[in-house]
Amino acid sequence: MLGVAGALGALLMLLWQWGEIHEYGTYKRDARTSTPGLSALFAREVVLLDADESACLEPVTFAADTGQARVRVQVPKRRAPRLDLEMRAPGYDERVTVPPMEPRAEGEVRVEFPQPRREVTGEFCFHNRGPTPINLIGTNEGRSLLPVELTIDGRPKDDANLELQLLRAGGHSLASRRTEIVDRASAFTAGLVPAWLLWPVALLLVLLPLIVAVLFGVSVTRAEAARADRGDGRGPPASRPS
Amino acid sequence: MNRLRPIPGRLWRRLRRTPPVLAALVVIALAHGVAWTAITPPLQGPDETTHIAYVQSLVEAGEGPQVNGGTGQYSRELEILGEGLYVLPITQHFEGRPAWHLVDEVEARLDREGEAARTEATGPNAAAGNPPLYYLYAAAVWELTPDRSLLGRLTSVRLATVVPFAITVILAWLIAAELFTVAWARPLVAGIVALNPKLASIAGNVNPDAFLVMLSSGVLLAALRVAQRGLSPPRVIALVALASAAVLTHGRGYFLAPLALIAVGIALLRERPDRRRALVFGGAALAGILVALYLGTSWTREHAAGAAFGGAAPSSGAFDLGEFLSYVWQFYFPGFHFLDESIAGGYGYNQMWIQNFFGGIVNLELNFRPEKYEAIKLGAFLGMMAVWTTAAIRWRTLRDRWPAVVICAAMFLGMVALLHLVSYTSLKNGTGPVITGRYLLVCIPLMGAAIAFVATSLPRVLGVILGGMALGLAALHAIAMLGFGVERFVA
């Protein structure tokens, strides 16, 4: 009975937090496929894009299921320009017009577009269709720059990058992405931690509260049985001076 | 089974006697460490690039790196890996993800660069003042692993660092056996260690901390045995060897040297042997420890001019006892009007013992929400009160077991004193507090023992339920941090 009490003590914590754990695993959140441009931690880069000018990032990889892009822009004038986002790669060419932006404001722009359905590498461009200019926000701090080249109307701009995140369209729970997560976790291990090994590891860790409850319950039961066998209700001193 | 016969008979019998629950906890620890190895992108562990550069310096140049000078901070191949896979730039960028899709491209580039890209890593390296023991272990794995690619070597060293973590779980079990007569205290203490996400994550990276935690746990076990069971050549040799190894692993292991001597001193005091036996044991222990300290400080002096405490802090800087005591007081408690403002600024107990011990995993990036830390702080306070109250109620038992009490208290206070001394010295030199939650991991078996002390002191049913609750919370802590790690790096 004492073992059951120990196991129940452990399970009590699981029951207490079950709601949060379940919500964490099933909450639909962003699913990033790649992040070719990081935000600024300390030093922002503001690239002014006049009407009819383009800014491009290359190389940018579009995963097969990429269907959403996020960029950061600032509208400096009273009237917002029309901004197109273009995704180009061999066999993949999509253009999306950004919904109307608030004038004299800065914010994150999110657009959805058709998936390439296979992984392709190409470029991601911002095209200002006018009539007013727009500021594209990025960073120029060395520690945050990725090996992605920024060009403004074909002219390279060194030591600067623009914020760009590519995601799957919609929200996705961690639980629904388990295969992708395991594959990604295995990707940098040179095959030494293969996906097939991570599956039982993940299962063991997900079941950890249950396993711990059983182990502790068994331990207590055994300890009590040994104690009863000795009959004195006390264990021998574990250590004593020799 | 017959294939395992070549294992020496005694070892084989001992392995077969391993309690199944301990074996299960070791498997859990291995899985926990391997999970962090996989989740944490390469070079993303705390200061991992500097530790890898240290290993590469040993392997490629045949010598440890220098804090000042040298041929380069990192090898060219580490730069290619870090930038090519985006893993260095995304640090502290919570929106950033590594470039999983570029692995083949980066590996092909590394192949093209060849062996020439592996050199130039002899410094300047901030970790160069660390004594070399862990790095020699890592260098052996780096050289011997059959996978010669950079990712293969790096993963091999990470996996090899998980092994000390698993050994720490076994040592925690044995420490509990030394401290408690109640058998279920063993899985409780070992489970607290196996489920600790901070230790598991650091064990999944290239970092000497997990190795140091294993050695400090070994020193604690050996010290308890010497102090409680008495002097014998194997016990004293084990104690001195482990304490020396800890000193040669990290500056934060220096406090284990006096701990070993205290254990021998307690044994001498209890046994009161004849002068010759006292001189042999006491002298041998002292000599062994002094040799290790000499080797450790010599290494640091040679590789990190102007550093002390195994490279953990600068050696220069005026020491003001009053200022030091004021800093330590204000680290834990509000200051008085007659005290000057602490040189630590706002950094104190809450940051180190709560936020950066229970959270702040992988470059301080994985954290709970602030209200969770408030709950943890309250829990920690109640826990301390429980330990204090239990100690007060059971003071006779503690008095009877004074050697164990002295060892545990000396270990804890020694760690805290060294950390604050190093932190104060660093602050005086303007290099920041240099004190964070993972530095407390060397006392993780003691934390488990404190929980077990309270649980085993309660009426049996209540104690068992409390023990189960502690393990259940530890399991949830492990899962929560793994979830945060998955969300941050691979989702």
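B:Ala194 counts as buried because it has 35 C-beta neighbours inside 10 Å, where buried means 20 or more other C-beta atoms within 10 Å of a residue's own, with C-beta atoms placed from the backbone. This is a predicted model, in which local features need pLDDT of at least 70 and side-chain atom pairs count only at pLDDT 80 or more, while totals for chains, interfaces and linings use all residues. Residues are numbered from 1 along each chain as its sequence is written, and chains are lettered from A and ligands numbered from 1 in the order in which they are written.

B:Ala194 lies in helix α8 of chain B, helices being DSSP runs of H or I with at least four residues, numbered from the N terminus. Leaving aside neighbours within four places in sequence, B:Ala194 is in contact (C-beta atoms within 7 Å) with residues that include B:Leu25 and B:Val169.

In chain A, the axes of helices α1 and α4, lines fitted to C-alpha atoms over the stretch in contact, with angles from 0 to 180 degrees between N-to-C directions, come within 7 Å and cross at roughly 160°. The two helices are therefore roughly antiparallel, a term for angles over 145 degrees. Among the residues making this contact are A:Leu14 of α1(A) and A:Phe216 of α4(A).

How values were computed: Buried ≥ 20, exposed ≤ 12 C-beta atoms within 10 Å, placed from the backbone. Contact = placed C-beta atoms within 7 Å. Parallel < 35°, antiparallel > 145°, perpendicular 65-115°, else oblique.
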